Amino acid sequence: MIYFKIPAIPSILAGILSGVVSGVFLQHSELDFPEIYKQILNAASKGNSIKSQSPLTDALLSRGGMASMLPTVWLIFSAMFFAGAMEGAGLIQEITKGILKYANTDRSLLTGTIFTSISANLISSDQYLSILVPGKMFKKSYEEHGLDPKNLSRALEDSGTMTSALVPWNTCGSFMAAALGVPVVVFLPYAILNLCSPIISLVCAWTGWTIRKKRIGT
């Protein structure tokens, strides 16, 4: 699938179908169709339980199916509802406007973008809002300062995208914790890239390194 560059959703669907087919022919060949169909639905919804002589194998292959993901799905929906209410009420925009009052230089503008995006991750509980809302609010200021839009994009990615997985109540953090089976606070010290990206972005902002000005006529 990777070699042929097939998109993620068709690849996952192909994996599910291949698992169903192999399970039917290798494990339930003696069952009739209604019973096989029932077993497939039970495995997909409630998961599968393996009992072998290896506890590690049992823990790896025994999963809870779609039902085990429902708490994470509910948390993601709740975070999205909360984020939508925050944006609809204009609360995030007001916070951003307050920061813009002090963004008089290129360094302060980039620094404000980084901290605003991280704060949006903490407040709105959604990665996309931490990118879209500050991006819209700071876009005009970057143009006024003559900064290349790439600077805004990089600041948002280094702060909003990279720190979203480090917030336990964020949609990304909750998904990572559920998928890995490890709480965010446990894997957080080992997320070196996520922790270093905002710091490196701040260093670039304050030293002017890799900060590009917008070309005349573009």
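The structure is a predicted model, in which local features need pLDDT of at least 70 and side-chain atom pairs count only at pLDDT 80 or more, while totals for chains, interfaces and linings use all residues. Residues are numbered from 1 along each chain as its sequence is written, and side-chain values use heavy atoms, with hydrogens and water left out.

Along its principal axes, the C-alpha trace spans about 75 × 40 × 30 Å. Two domains are marked out, domain 1 (2-44) and domain 2 (69-207), with bounds from an automatic or database domain assignment. Their centres, taken over C-alpha atoms, sit 38 Å apart.

Buried residues account for 31% of the 218 in the chain; buried here is under 20% relative accessible area, exposed is over 50% and partly exposed is in between (1.4 Å probe, protein chains only). The largest nonpolar core has twelve residues, including Leu 109, Phe 138, Tyr 142 and Leu 147. Such a core is a set of buried Ala, Val, Leu, Ile, Met, Phe, Trp, Tyr and Cys residues joined through side-chain atoms within 4.5 Å. Helices α6 (106-124), α7 (127-144) and α8 (149-164) each put in at least two of its residues. Setting aside residues up to four places away in sequence, Leu 147 touches Asp 106, Leu 109, Tyr 142, Ile 211, Arg 212, Lys 213 and Lys 214 (contact means heavy atoms within 4.5 Å).

The side chain of Asn 194 reaches the backbone oxygen of Met 162 at 2.8 Å. Apart from neighbours within four places in sequence, Asn 194 is in contact with Met 162, Thr 163, Ala 165 and Leu 166.

An unreviewed UniProt entry lists residues 7-26, 72-92 and 192-211 under "transmembrane region"; such annotations may be inferred rather than shown by experiment. In the model, residues 7-26 are 95% helix, with end C-alpha atoms 28 Å apart. Residues 192-211 are 80% helix, and their end C-alpha atoms lie 23 Å apart.

Methods. Helices (H or I, at least four residues) and strands (E, at least two) are DSSP runs, numbered from the N terminus. A polar contact is a pair of N or O atoms within 3.5 Å; within protein, one must be able to donate a hydrogen and the other to accept it, and residues adjacent in sequence count only if both atoms are side-chain atoms.
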